[in-house]
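Reader: I have a structure open and would like to talk through what holds its parts together. Can we start with the charged pairs?

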Amino acid sequence: MSTPDYNLLRQLSAREGSGYWQSLAELAQPAAGETHEQGGAGALPPGISRRNLLKLLGASVAMAGLAGCSRQPAEHIVPYVNMPEHLVPGQPEYYATSFTLGGYAQGLLAESVEGRPVKLEGNPQHPATLGACDAISQASVLALYDPDRSAAVRHEGVVSTFPAWLTDLHQRRRTWDANQGAGLCFLTANITSPSAGQQMQAMRERWPLARWFVHEPIGREAVFAASRALFGRALEPRYQFDQAAVVVSLDADFMQSQPGFLRYARDLTARRRPSAQQAPQCRLYALESVFSVTGGASDHRYPLAWQQVEAAARQLAMALDVAVAPPAQKVLADDVVQAMAQDLRSVAGGAVVVPGDQQSTAVHLIAQAINHQLGAVGNTLDWIEPVAVPAQAEGLAQLVEAIHAQEVDSLLVLDSNPIQTAPADLNFAAAYQRVAWRAHWGEYCDETANLSHWHLPATHFLETWGDAAAYDGSQSLVQPLILPLHGGKTLLQVLAAISQGQELDARQLLIRYWRGAYAGADFERFWQQSLHDGVIRDSRPAAVAVTVRADWQGELLPAIEAQPGELELRLMPDAAIWDGRFANNAWLQEMPRPLTTLTWHNAALISPALAERLALADGQRVSLSSNGRNLEVPVFILPGQPHNTIGLALGHGRTQAGGVAEGSGSDAYALQSCKTPWAAAVSLQPTERHSQLAATQAHHAMEGRDLVRASTWQHYQQEPDFAQRQEQLISLYQEPSPQVHNAAPRAADAEQAWGMSIDLSACIGCNACVTACQAENNIPVVGAEEVARGHDMHWIRVDRYFAGPLDNPTTVFQPVPCMHCENAPCEYVCPVGATQHSSDGLNQMVYQRCVGTRYCSQNCPYKVRRFNWFEYTAADAPYPAHPAVQNPDVTVRSRGVMEKCTYCVQRISRARQDADAQGRPLHDGEPQTACQQACPTRAIVFGDVADPQSKVSQLKAHPLNYAMLAHLNTRPRTTYLAGLKNPHPQLASDKAATSKGRNGGEGA
């Protein structure tokens, strides 16, 4: 564009008074030293050619469109004129990014196919994940394409623009500058972003009278309160389970719902997994008030009421010579306490006691005092500065007090939904509406946004430039894979707009921070390497030296003893939708919850003894009352639940979260109190109403069959082949075996024989594999009604079996994909040959041939085939997946065909093609199934069973290897390693569920 063009734009800007023309003028301004072609044409003004006029008109249309929808300007993205050399159509690309849960980062690798994210995996280079991925982060890619996400700025419920908000904000900012921020308050979720922390600190310095509040529904207040009492300052524990020999969990579900759970699950199960020659190196005790994944994986589990956990902690502390007052009554037998104490003492520096995030401050104090007594600090535990910013923020209760004291004039709520998640006794909705100016930033126009004057749409993390810290303090980067689909703004942009009054580029804001934080010489190399890795190298902070205060016992308040016969309500995060923020994600709603296998709804979890005493049945609705507040919810009977404790998951019962979430479950926040947010005394009143619960496992007994084989390490030593005893098989058919490759290097065209091994000692039942399979294979969502009818579509299920007494059974989890039988019963009965056997051992489905007779399903003894009764993937289906999230390598099945696990044949084909292109054979472990890649404990191993050096072949040669229903002679390619527990020899009798023989006991 020539110089006269630029001058014309300036004239238009002055005449129209429009910032739009001014912006266009700035874009057209020639750079210093740049020369321009002079010339004119016809009757056009001097210096304006037709070509330049067309350029100007085209630019004006583009700018008008951008200004009208308030979208960010596109950067570094242009349409293909000449396709880049490195890009192959259909070939995915991977980018490292991070996902935050409760503010703590998890490293991810995001798969992008021609510009659209379709799949998320764990980042192997990230210390918090080591390549693992939980169900919530797996399903977060579906939320990117959620049509219910907020798509526009709203003012008083009417669609507005970001510049309009900036204009309103400008007047407010002048007032804050004049009074140093008096009356200005911020309410945020837990933030661990260092770049956002710098902006927040700058605002605190600019407006010193402004106040910052933090509300994280699944908070960790007791963790920091205990560290302040012990050490005089707030610190954060960092556990080293890879060094632990004895672990005692005090109501801590550290394998599922505490920061670092992916790494913790990997480290602990690696030490508890037995080999053929070596005993397990770790023993796990779990004392818990609600049945959890960690308790199910433990060697000894003791169900206690929430208030009784403190009494048990005091008993253990006294046995270890830690000076605490004795409990009002003993809740554990003396022999149990002495055995635990003996175990902890016997492994100097290798013991650790883990208090639960939802337990009281007293439990945390006692547990950490025990850890210091045992020498855990520096071995299995160290302390770091809190990774959240700001570390000393006030809580929601203090904000309500400030509002009632008329100290809050302006309130900005960032990435939080307190109208939904605040404890009921705070009555936050009434207090919130008393604030004169209210603004909300979030992904959804949710309950809080509906009561705000201004609502700003937030970007999804796959649209975001940012950073965050992991549980161990490692700094992670968040980079976008796609431009914001709904014009959302990032946290850095919103904070910059508040402080500077203008919309800035999120990428430049992030780079500006790290350029200042980086002390090296070559920033560009550092930046590109960090983006590639997804984590800042060497950013893990060193441990902090701590000294226990001598007067810490003074912080121990007398325990509140429950009255005999009083029922206790125990609130907990939901394993899928967490605190409710993921309630509109259909993949997560339909994910079977660990232990209960419930989907779509929460239920009051009660023990069989309580159900018998009150004559309650599954699905019967009851009215729970606490402190004058009532909630009606169905019950679900769960073996192992403490007798007088009712477990209830948070996050359900949303009213303004989107079409998927609304009407699903009951709002447990209605019974939460601020003083004791995780437990409360309740009364229960049965009603005559019933709800149909959508659980995927309706039958719990093995009926005398050895589906699960589990025992103890002691029994395994006495009878190493207990898992492989089976009836003598007689077959009328020739039994071919996979051609075993010799020890020499194999040719590139050597035929593989694919198989899978699943270690039941390592599986914790977290269901990450279920969601990973759904995301990889375009498995549809069917809804609660269809699940209740047994029409769930997941290609892999995680069965759980209880053995022993109903009040405290042993639990074993068993993932069940297609077995890929050599003698597959499904293949012989298909009238159209839709199910076939491949040369490399896969049981294949030809969807185009299937006519829906379902003979194959009836003939499958493992019941792993799924029939899609309706058009679950149609655009008018109740829960259709957006086409953009579907994996292009996998077909989208229509109604009337049978579906099943394929061992992720598309991944096998891709790995084979890559090897062929490089002229080499496939390496062991190169093709990985989706369930294998996501598993945090590496319980699933897939590979070539024809290769004797492969890991899967070595596992199948293990003495614990067995095939499910082997007596049917189906010869499945999927086999299991029998599960082993490692109970204390003196306490083996307290586990009546400890198996005897190969069956692992009868299922409850």
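Reader: How many salt bridges does a search of the whole structure find?
Author: The search finds 41 salt bridges. Keep in mind that this is a predicted model.

Reader: Ok, which residue does glutamate 463 form a salt bridge with?
Author: Its partner is arginine 149, and the closest N and O atoms are 2.8 Å apart. Glutamate 463 sits in the loop between strands S16 and S17, and arginine 149 in the loop between helix H4 and strand S4, so the bridge ties together parts 314 residues apart in sequence.

Reader: Is arginine 149 buried or exposed, and why?
Author: Arginine 149 is buried, because its relative accessible area is 4% and buried means under 20%. Glutamate 463 also counts as buried, at 4% relative accessibility.

Reader: What about arginine 233, which glutamate is its partner?
Author: Arginine 233 forms a salt bridge with glutamate 385, with 2.9 Å between the closest N and O atoms. Arginine 233 is in the loop between H7 and S8, and glutamate 385 in the loop between S13 and H13, so this pair joins parts 152 residues apart in sequence. Arginine 233 counts as partly exposed at 35% relative accessibility, and glutamate 385 counts as partly exposed at 41%.

Reader: Which residues do salt bridges with shared partners join into one network?
Author: Lys119, Glu121, Glu776 and Arg907.

Reader: New topic. How many residues are in the largest nonpolar core?
Author: That core has 85 residues, and Tyr862, Tyr903 and Tyr976 have the most contacts inside it. A second, separate core has 76 residues, including Leu268 and Val309.

Reader: And what is tyrosine 976 in contact with?
Author: Leaving aside neighbours within four places in sequence, its contacts include Ile758, Leu760, Pro815 and Met964.

Technical notes
Residues are numbered from 1 along each chain as its sequence is written. This is a predicted model: local features need pLDDT of at least 70, side-chain atom pairs count only at pLDDT 80 or more; totals for chains, interfaces and linings use all residues. Side-chain values use heavy atoms; hydrogens and water are left out. A nonpolar core is a set of buried Ala, Val, Leu, Ile, Met, Phe, Trp, Tyr and Cys residues joined through side-chain atoms within 4.5 Å. Buried means under 20% relative accessible area, exposed over 50%, partly exposed in between (1.4 Å probe, protein chains only). Contact means heavy atoms within 4.5 Å. A salt bridge is a side-chain nitrogen of Lys or Arg within 4 Å of a carboxyl oxygen of Asp or Glu. Helices (H or I, at least four residues) and strands (E, at least two) are DSSP runs, numbered from the N terminus.
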